[in-house]
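Have the model open as you read.

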Amino acid sequence: MTPIELLILAFAGIIAGILAGFLGIGGGTVLVPLLISLGNESIQAVATSSLSIVITASAGSIQNWRMGYLDINNVLSMALPALITAQIGVFLANLFPEYLLLFTFGLLLISNIYLVDLRKKIVARKKIQEEGNQDQEFVEENNETNTNVHKIQEFWHRIITGGTGGLLAGLFGVGGGIIMVPLQIVLLNENIKKAIQTSLGVIVITAISATAGHAYSGNVLWLTGAILGFGGLLGVQFSTRFLPKLPDKVVSLAFRSLLAILSIYIFWKAWQSY
């Protein structure tokens, strides 16, 4: 590995770490395309990205916990199903041909642009409803039946959110936050900042599970992953400190812009490998 390649990897890790803290993603949306552009196979890029995400997401989650922004119970409720589905994702990643893995990754990025936009509409609608009903009294919260139904729905929504994130972590090396953030907003009614902070905590566990599965298959580039991860560790320290100060509109715009740019690049690589 040349000095120039080392600098590129370290810089990319820092950028991925900044994005991880700002957007609640593991950074794989940047790292996987980068590793592919450096000549690695897609399965190696996915596996190595997972390793770097373990380091980056752990650093960001520890920082969020110290600042009082991390709900451990929320994290665990989604991380446990993600442990299982991450291994399913690893199995599928080894099964898919190169072009299909890249193409489905591109579809994932595109679909999330829609999910984030849907989240914005839902948040705006709820805000209008709250303003219109702020002087009314609601008794259904005291209804035990409704409360039980709500708890059951929330339980399954958390399994769906964590399970989907784990599957995508193993399959694409993205940490899973790219789908967990929109799902938390849509299914669990969380604001975008809380969704990002919770997502980053879940990513720690999903990335460990995905890395273990890929390591067993011999796909992980350990030195490359470590360099990316420790670069990300520096970047995430910056972003987690500034996330609470940013307007939701800025965070949402950054998230969607990133997805749009990377989806174009991934589709182009899929076409080249076909």
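Which helix does Q197 lie in? Q197 belongs to helix α8.

## Ground rules

The model is predicted, so to speak of local features pLDDT has to be at least 70, and side-chain atom pairs count only at pLDDT 80 or more, while totals for chains, interfaces and linings use all residues. Residues are numbered from 1 along each chain as its sequence is written, and side-chain values use heavy atoms, with hydrogens and water left out.

## Overall make-up

The chain has 10 helices and zero strands. Here helices (H or I, at least four residues) and strands (E, at least two) are DSSP runs, numbered from the N terminus. Read along the sequence, that gives α-α-α-α-α-α-α-α-α-α.

Of the chain's 274 residues, 49% count as buried. Buried means under 20% relative accessible area, exposed means over 50%, and partly exposed is in between (1.4 Å probe, protein chains only).

Helix α8 covers residues 192–216, and its axis comes within 8 Å of the α4 axis, crossing at roughly 40°. That makes the pair oblique, the class left over once angles under 35 degrees (roughly parallel), over 145 (roughly antiparallel) and 65 to 115 (roughly perpendicular) are taken out. Axes are lines fitted to C-alpha atoms, for helices over the stretch in contact, and angles run from 0 to 180 degrees between N-to-C directions. The crossing is right-handed, meaning the near helix is turned clockwise from the far one by less than a right angle.

## A nonpolar patch

I62, W65, I72 and L76 make a nonpolar surface patch of about 400 Å². The elements that give two or more residues to the patch are α3 (42–66) and α4 (72–95). Patch members need over 30% relative accessible area and no salt bridge, and nonpolar side chains (Val, Leu, Ile, Met, Phe, Trp, Tyr) are joined within 5 Å, like charges within 9 Å. A salt bridge is a side-chain nitrogen of Lys or Arg within 4 Å of a carboxyl oxygen of Asp or Glu; areas are Shrake-Rupley values with a 1.4 Å probe, and for residues only the protein chains shown count as cover.

L76 sits in α4 and is partly exposed, at 40% relative accessible area.

## The covered helix

Helix α2 (residues 28–37) is mostly covered, with nine of its 10 residues buried. Among them are V30, L31 and V32. After α2 comes G39, which has a positive phi near 100°.
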